[in-house]
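Please look over the sequence and the model below. Some short notes on its sheet and helices follow.

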Amino acid sequence: MSDRPQIFGIPTSTFCWTIRLVCAEKGQAHDFVEMIPGGVLDGVRHPFARVPVLRFRGVTVYESPAIARFLDRELEGPALQPRDSLALARMDQWISATADYLYDSMIEGVVSERLIAPLDGREPDEAVVAEQAEIMHGQLGVVDEMLCAERYLAGPDITLADLFLAPVIYWVDKTPEGASALDAYPTLRRWFRGIAERPAFRETTPLVTV
Ligand SMILES: N[C@@H](CCC(=O)N[C@@H](CS)C(=O)NCC(=O)O)C(=O)O
């Protein structure tokens with residue numbers, strides 16, 4: 001049995017990337033095992049047909065916020081969750097908002113239509129792009145405002161919240177709508193540049209081009 005965290009998933013998934021980032025920020029090696037959503041590999045499966053799934057020390061855990069918190073507590077390395085109650089609430093707030101709202105407009109909406117549809121031999125649905133880009137713009141404005149007050153989403157230190165949002169921003173920046181929206185928010189751009197320059201981010205950036 002491997003003593004390193006094994007992350008089962010797909011390289012383009014922002015949720016999988018977040019879990020890889022957690023390991024890398026803690027300075028711990030992990031194994032990434034490619035498994036499509038709904039797949040079963042080496043006895044590992046996600047009961048709701050999603051990825052990622054973590055296998056570590058003989059147990060499996062699914063749902064990326066649960067995996068991220070578990071690994072942060074179990075692995076040696078810098079803490080990625082604040083001790084202060086309000087900062088912890090802010091971290092959870094941004095994880096939730098990223099997974100429930102920002103992911104929907106940016107990844108399911110803009111990225112899916114602009115970058116994934118052509119790979120599937122499909123024209124982007126311009127109405128969906130326009131609608132989701134407008135929602136995205138408003139959401140990025142909220143993030144930018146937050147980052148004008150604090151260095152990171154939950155305060156002065158990097159936390160899991162930043163590791164959930166940064167992969168979403170990476171992909172949306174690759175679309176014309178995302179890039180121009182980000183250009184309108186210099187503080188958010190600066191935050192993203194700072195995360196993108198961290199060794200953990202560079203080491204885990206997916207080797208896929210879309
Ligand atoms: N709530 C899940 C969401 C994971 C998720 O949606 N993963 C995507 C890949 S980024 C997936 O498995 N999609 C397959 C599908 O929607 O059928 C988590 O936080 O782990």
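1. First, a term. A crossing is left-handed if the near helix is turned anticlockwise from the far one by less than a right angle, and right-handed if clockwise. Helices (H or I, at least four residues) and strands (E, at least two) are DSSP runs, numbered from the N terminus.

2. On the source: this is a predicted model, where local features need pLDDT of at least 70, side-chain atom pairs count only at pLDDT 80 or more, and totals for chains, interfaces and linings use all residues. Residues are numbered from 1 along each chain as its sequence is written, and side-chain values use heavy atoms, without hydrogens or water.

3. Four strands form an open sheet in the order β2-β1-β5-β6. Its pairing is mixed; two strands pair if DSSP finds at least two bridges between them. From one strand to the next, the twist averages 25 degrees.

4. Strands β1 (residues 6-9) and β5 (residues 53-56) run antiparallel, joined by three bridges. Phe8 stands opposite Val53 in β5. Helix α1 (residues 14-25) packs on the sheet and touches β1 and β2; contact means heavy atoms within 4.5 Å. The direction of α1 makes about 165 degrees with that of β1. Axes are lines fitted to C-alpha atoms, for helices over the stretch in contact, and angles run from 0 to 180 degrees between N-to-C directions.

5. How do α3 and α4 cross, and at what angle? Helix α3 (residues 85-119) passes helix α4 (residues 126-149) in a left-handed crossing, at roughly 145 degrees, with axes coming within 9 Å. Residues of α3 including Trp94 and Tyr101 meet residues of α4 including Val128 and Met136.
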